[in-house]
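This report covers selected strands, helices, side-chain contacts and ring pairs of one protein model. Please keep the sequence and the coordinates at hand while reading.

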Amino acid sequence: MSRTKITDEEALAYHLEPRPGKFDIVPSTPMATQRDLSLAYSPGVAVPVQAIADNPGAAYDYTTKGNMVAVISNGTAILGMGNLGALASKPVMEGKAVLFKRFADVNAIDIELDTEDAEEIIKAVSLMGPTFGGINLEDIKAPECFIIEQRLKEIMDIPVFHDDQHGTAVICAAGLINALELSGKKIEDVRIVLNGAGAAGIACLELLKSMGAQHDNCIMCDTKGVIFAGRTEGMNQWKSAHAANTDLRTLEEAMKGADVFLGVSAKGAVTQDMVKSMADNPVIFAMANPDPEITPEDAHAVRPDAIVATGRSDYPNQVNNVLGFPYLFRGALDIHARAINDEMKIACAEALAKLAREDVPDEVAVAYGRELSFGRDYIIPTPFDPRLIHALPPAVAKAGIETGVARREIDLAAYEAQLKSRMDPTASILQGIHARAKSAQARMIFAEGDDPRVLRAAVAYQRAGLGRALVVGREGDVKEKLETAGLGDAVRELEVVNAANTPHLEAYKEFLYSRLGRSGFDTHDIRRLVGRDRHVFSALMLEHGHGDGLVTGATRKSAHVLSAINHVFDATPGSGAAGVTALLHKGRIVLISDTLVHEWPEAEDLADIAERAAGVARNLGLDPRVAFVSFSTFGSPKSERAVKLGQAPKVLDARGVDFEYDGEMTVDVALNAAQMANYPFCRLTGPANVLVVPARHSASISVKLMQEMAGATVIGPILTGVPKPIQICSTSATVNDIVNMAVMAACKVG
């Protein structure tokens, strides 16, 4: 996998659009009528106020406290950038808040404290205790981070967790459990060398010692060498606690015969000679970011028997904190924990290690473009494994209950089932499709090279490592628009194609004339179509194999674009083609069809559309459940307009298709399990995720209504049933929408 290249302009645009920042706050209760306001505020709010005054534990029942974490920093140790101050840390802390929500459905608010005084931070955070169910400290430099965390743990009755320390430690421990199993070694026997005596390094060693690693088998090093008993230079109380009784003085000396190396230090700190000197089957966790202490290639060149992990996503075995902190807090919050203790951290690490030893779901392997099975290149689960949410928090919760830090006991079996239904699947699905696209490396044709959005999407597609971007347009115009967008350097990266510079122009004309000559088109018409219509030209490129996929539609209505494409391909009613639009909203994905091809389909057409839409659903990682929807449910009320929706399932019966379907039914029956339960004969085993509607106009109305009124994310229409991947986005598409459509084309989702 190649590293994603992101420009300054792209990063700033991401944080600027569509609104500054990375998250909004949205009410979770109705707030529309005077009655709503009376319940939410005065006088109704007085009732829960009194309930909490009488019983402080009731705050977890009547407020967001039980699902709210504060992400707190003073900006003194921002990523690898150093002390840039509280305000500069805000984008990072907002990002951390978003990760909490994305991976564990934990609400989080970032708070940046403009002080480097540890006592002031301790005072400020301690006063916030009533608001939050947990405190996540972030990017605070050592040694203040140790002082602040320890004091807050002592005076607060909610979990206080410095992720830079303990998040890294938990993932490191999980990986080491599995690496040692593969190596046939035990933690109490191995010699461990750690380089980097900062917050993360000290936390890693402390957690491993609490899991059985022996003090005298653990050598900690910093920039001045080995931390040994009696050393005075560059020491503090936290380093001193790990000073070993040893004659070793340098990292090089310490590495000789070592079983495990843990690095949280700097690029290049470990040499190949050091790796050579390690024991058989060495374990090397080179976790420095953005570049490891030694690359896996360099380590394996001299020690093929090594198990190597890094902090990088473009190598196997990524030590990524996002595998830990969201799920630690999820489990802690759900038992109303007073703290996150070592037992909970170890439980999280062990659950994470166990998950890596289990069979990997097909959708995860497909998403990462390679086989994933427990072994030297897979000792830690991937961040987008959907099982994390229901595997880790129950283990954390169980440990919290058993060690007495829980205010609330829960039914762990029911809790696991509840977690399985809690998460939004859309991000995982999109991540999987992006990973498949990166593996495919498709040459993507962007037909509308005169539109700045399309050009920015083309640049993003290529720089994300998804494949090669081919832009149809005039070179001078493309260059000017890219420069205006702040992407002038991208001109050298993109391939700009047009009728004037392609060597294939005559072949395109001959093909089109042979196809359209008996349909009223003369040679002049053909020259005009090929030379002037970018949609036709792009479709011809795709037909002749001069690109692998096509994205268009940002500048013209879909009907016009489809008409142009039909000069080259058959995407007409009766051809097997259909348009499927994906709606992503509140954790659900629903596909609606036909949104593009059939204006007024009959029963046979509806069955065709259902089969095409089911194929798209499967390509998106969904198990299709198709509902033919109308204003009528199973014949009531009777209407000749609804008859065809009832006949379509019978057509599918005769075809013997291998997916669930039924109809006709109203949308609420199709999407609401409680409503569906009123029809026990319904063949769907759960709410539908594919809706086949009576006509194109009803599909269009449904999609646009959801987009405008509910704020649903729309991907499509996805053109399916044509021999080559073509995706037609809407004229209102954003850059991100266009990139998503390109990814769909690259993965051949249609």
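Ile192 stands opposite Val260 in strand S8. The model is predicted, so local features need pLDDT of at least 70 and side-chain atom pairs count only at pLDDT 80 or more, while totals for chains, interfaces and linings use all residues. Residues are numbered from 1 along each chain as its sequence is written, and side-chain values use heavy atoms, with hydrogens and water left out. Helices (H or I, at least four residues) and strands (E, at least two) are DSSP runs, numbered from the N terminus.

Strand S5 (residues 192-195) and strand S8 (residues 260-263) run parallel and are joined by four bridges. Two strands pair if DSSP finds at least two bridges between them. An open sheet of six strands has the order S7-S6-S5-S8-S9-S10, and its pairing is mixed. Its edge strands are S7 (225-226) and S10, each of which pairs on one side only. Helix H8 (residues 163-183) lies across S8, S9 (283-286) and S10, and runs at about 160 degrees to S9. For that angle, axes are lines fitted to C-alpha atoms, for helices over the stretch in contact, and angles run from 0 to 180 degrees between N-to-C directions.

## Arg303

Arg303 lies in the loop between helix H13 (296-302) and strand S10 (307-310). Its relative accessibility is 9%, so Arg303 counts as buried; buried means under 20% relative accessible area, exposed over 50%, and partly exposed in between (1.4 Å probe, protein chains only).

Which backbone oxygen does the side chain of Arg303 reach at 2.9 Å? The backbone oxygen is that of Met278. The backbone oxygen of Ala279 lies 2.8 Å from a polar atom of the Arg303 side chain. A polar contact is a pair of N or O atoms within 3.5 Å; within protein, one must be able to donate a hydrogen and the other to accept it, and residues adjacent in sequence count only if both atoms are side-chain atoms. Leaving aside residues up to four places away in sequence, Arg303 touches Val275, Lys276, Met278, Ala279, Asp280, Asn281 and Pro282. Contact means heavy atoms within 4.5 Å.

Strand S1 (residues 68-73) contains Ser73, which is buried with a relative accessible area of 1%. The side chain of Ser73 reaches the backbone oxygen of Glu138 at 2.8 Å. Not counting residues up to four places away in sequence, Ser73 touches residues including Ile111, Leu113, Glu138 and Ile140.

S1 and S3 run parallel and are joined by four bridges; the bridge partner of Val69 in S3 is Gly134. From strand S3 (residues 134-137), Gly134 and Asn136 point one way and Ile135 and Leu137 the other way, and all are buried. S3 also pairs in the parallel sense with strand S4 (residues 160-162), over three bridges. Asn136 stands opposite Phe161 in S4.

## Helix H27

Helix H27 (residues 640-655) has 16 residues, which should span 22 Å at 1.5 Å a residue; its end C-alpha atoms are 24 Å apart, which agrees. The expected span of a helix is 1.5 Å times one less than its number of residues. H27 is followed by Gly656, whose phi is positive, near 65 degrees.

The buried residues of H27 are Ala642, Lys644, Leu645, Gly646, Ala648, Pro649, Val651 and Leu652. These buried residues pack against helix H26 (603-619), strand S17 (625-629), strand S18 (660-665) and strand S19 (690-692).

## Aromatic pairs

The structure holds 10 aromatic pairs. The ring centres of Phe100 and Phe329 are 5.3 Å apart and the planes are at 80 degrees, so this pair is edge-to-face. Rings of Phe, Tyr and Trp (its six-membered ring) pair if their centres lie within 6.5 Å; planes under 30 degrees apart count as stacked, over 60 as edge-to-face and the rest as tilted. Phe100 in helix H5 (residues 90-104) and Phe329 in helix H14 (residues 325-334) are 229 residues apart, and the pair links distant parts of the chain. Both Phe100 and Phe329 are buried. Ring pairs link Phe100, Phe161, Phe325 and Phe329 into a cluster.

Phe634 and Phe681 form an edge-to-face pair, 4.9 Å centre to centre with 70 degrees between the planes. Phe634 lies in the loop between S17 and H27, and Phe681 in the loop between helix H29 (673-676) and S19, so the pair ties together parts that are 47 residues apart in sequence. Phe634 is partly exposed, with a relative accessible area of 23%, whereas Phe681 counts as exposed at 52% relative accessibility.
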